[in-house]
Amino acid sequence: MAEISEAEQFLLTQIREGDDQAWSQLINRYQGRLISFAQARLGQRADCEDIVQDTFIAFLRSLANFRADCSLETYLFSMLRRKIIDCYRRRASSHICLLQDVYDSTVDDKPSDAFDGFIAPDPSVSWYMRRDEQGERQRAQLSGALTELINSYKKSLDFANLQIVELVFYGQLSNSDAARVLGLPANRIGVTKHRALKQIQEAVAGSGLQTDSESDEFEDMMAQVWQTLRPSCPKRSTIGRYHLNTLDDDWQQYVDFHLNQLGCHFCRANLEDLQKQNQDNSHPRALHTRIMQSTVGFLHKP
């Protein structure tokens, strides 16, 4: 996902100045996709509304520490997912895609949640407060290298290799499980993974990261940065075009893979929200009113 857009930055500035209309606009823009994401993980509509409401409150409380290094959607999704994991401490709750519910190929001694130590709703333990300047610089370099790699795949329409690296780094599947999903030889997965790692290692050389091939720390950090910033996730507008079946064939097939085979929960929530937009809007308006009433007091008026 891209960094915060100019339109989002303008909206954020208005909210920081205490503009309740701007805050209402932000809630209206994101509540549907947040509800869809929460409902896929929790099931109960009432529980989902409560946790989304808490997420918006947490967003305002942490606003002073938000450095706009990612989009507002990514930041809100991160906070929401942290709250879901805190409420339901079972392994499935930490998964970011449907395939992780099927293939449990993560190593037991690795963190069960890739967001541990990253963005959190409490600013006292947020990623931005906890990480020193060197650590933030390393992650910024790693984020840039990942984005460059993914963009190169997309620009050349090399979706075959993009699917492989998404499965092994974003979905954290083993080489054998990724090969089974894609119907490819396991050595093909290994070669693509090795080449991707080498390209990223070269891009961050000199940053201080342990990037040798035997460093689990490097692969873990790359997976964490990928899951936090989601640079491979299609834009909401692209998902909308997928829904309307107006994408070029290569893109249509890739987005279908990302949504339905990889099963990215974040992007599926966006798709579900888009699908619901033509349905009855009375319930979303009621939820919007409820969120506004419970959060507007946290706006900082000048």
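I take a salt bridge to be a side-chain nitrogen of Lys or Arg within 4 Å of a carboxyl oxygen of Asp or Glu. The model is predicted, so local features need pLDDT of at least 70 and side-chain atom pairs count only at pLDDT 80 or more, while totals for chains, interfaces and linings use all residues. Residues are numbered from 1 along each chain as its sequence is written, and side-chain values use heavy atoms, with hydrogens and water left out.

**Salt bridges.** I searched the whole structure and found five salt bridges. One of them joins the side chains of Arg33 and Glu73 at 2.7 Å, N to O. Arg33 lies in helix α2 (residues 20–42) and Glu73 in helix α4, so this pair ties together parts 40 residues apart in sequence. Helices here are DSSP runs (H or I, at least four residues), numbered from the N terminus.

I then looked up Arg230, whose side chain meets that of Glu73 at 3.3 Å, N to O. Arg230 sits in the loop between α11 (216–229) and α12 (236–243), 157 residues from Glu73.

**Burial.** I call a residue buried under 20% relative accessible area, exposed over 50% and partly exposed in between (1.4 Å probe, protein chains only). Glu73 is buried at 7%, and Arg230 at 2%. Arg33 is buried too.

**Another bridge.** Arg236 and Asp273 meet through their side chains at 2.8 Å, N to O. Arg236 is in helix α12 and Asp273 in helix α14 (residues 265–276), 37 residues apart. Asp273 counts as buried at 10% relative accessibility.

Definitions and conventions:
Helix = DSSP H or I, 4+ residues; strand = E, 2+ residues; numbered from the N terminus.
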